[in-house]
Amino acid sequence: MAMSEITREQLHAYLDDALSDAETARVEQALRDSETLRRSLRQAMQERDRGEHSLGAVWRRERLTCPTREQLGSYLLQVLDEGELDYLDFHLNTIGCPYCVANLADLQALQQEPAPRARERRRRFFQSSAGYLQDCRETKNDDPTRRK
Ligand SMILES: [Zn+2]
């Protein structure tokens, strides 16, 4: 396992604990094997201390590891396995990824809407559509381009 396989971004992700178990193990193994990589890690840590690891860079990197909307939905329904659950907890609560937090809030709002209200809204929508269609039919007797 060549240490050159470990990128700087991976080291930062490692420091953020944002890697999968397998990747973490791979990075740790590479760190054990390579003094050069250990130096790179120390350098990465110093960069972070100096704030050189910008928020924008963090954002771009973290964005790549975002869970899918389906995973977020499963998270809300609490049907994730433990590993996924840990990861989403970390991503949402520790990293606080703004993209996923917004996505989750959106899903939550959808789920929390009481079913009867959603049904009622749909009923009204169809009713008003029906009314609209009827109006169209009544007012466009001589209009050959009938809209549906
Ligand atoms: Zn995210």
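Mentor: Let's start with a helix pair: α1 crosses α2 in a left-handed way. Keep in mind that this is a predicted model.

Trainee: Which residues of α1 and α2 make the contact?

Mentor: On the α1 side they are Gln-10, Leu-11 and Tyr-14. From α2 you get Glu-23, Thr-24, Arg-26, Val-27, Glu-28 and Leu-31.

Trainee: And at what angle do those two helices pack?

Mentor: About 110°, with the axes of α1 (residues 8–15) and α2 (residues 21–33) 10 Å apart. An angle of 65 to 115 degrees counts as roughly perpendicular, so that is what α1 is to α2.

Trainee: Staying with α1, which of its residues are buried?

Mentor: Gln-10, Leu-11, His-12 and Ala-13 are buried there. Ala-13 has a relative accessibility of 7%, so it counts as buried.

Trainee: How far is Ala-13 from Thr-65?

Mentor: Their C-alpha atoms are separated by 9.8 Å, although the two residues are 52 apart along the chain.

Trainee: What comes after α1?

Mentor: Asp-17 follows the helix, and its phi is positive, near 60°.

Trainee: Where do Cys-66 and Cys-100 sit?

Mentor: Cys-66 is in the loop between α4 (55–64) and α5 (69–77), while Cys-100 is in helix α7 (residues 98–112), so the pair ties together parts that are 34 residues apart in sequence.

Trainee: Are those two buried or exposed?

Mentor: Both Cys-66 and Cys-100 are buried.

Trainee: Last one. You mentioned α5, so how does it cross α6?

Mentor: Those axes cross at roughly 100° and come within 11 Å, with α6 covering residues 82–94. That makes α5 roughly perpendicular to α6.

Trainee: Which residues meet there?

Mentor: From α5 it's Gln-71, Leu-72 and Tyr-75. They meet Glu-84, Leu-85, Leu-88, Asp-89, Leu-92 and Asn-93 in α6.

Methods
Residues are numbered from 1 along each chain as its sequence is written. This is a predicted model: local features need pLDDT of at least 70, side-chain atom pairs count only at pLDDT 80 or more; totals for chains, interfaces and linings use all residues. Side-chain values use heavy atoms; hydrogens and water are left out. Helices (H or I, at least four residues) and strands (E, at least two) are DSSP runs, numbered from the N terminus. Buried means under 20% relative accessible area, exposed over 50%, partly exposed in between (1.4 Å probe, protein chains only). Axes are lines fitted to C-alpha atoms, for helices over the stretch in contact, and angles run from 0 to 180 degrees between N-to-C directions. Angles under 35 degrees count as roughly parallel, over 145 as roughly antiparallel, 65 to 115 as roughly perpendicular and the rest as oblique. A crossing is left-handed if the near helix is turned anticlockwise from the far one by less than a right angle, and right-handed if clockwise. Contact means heavy atoms within 4.5 Å.
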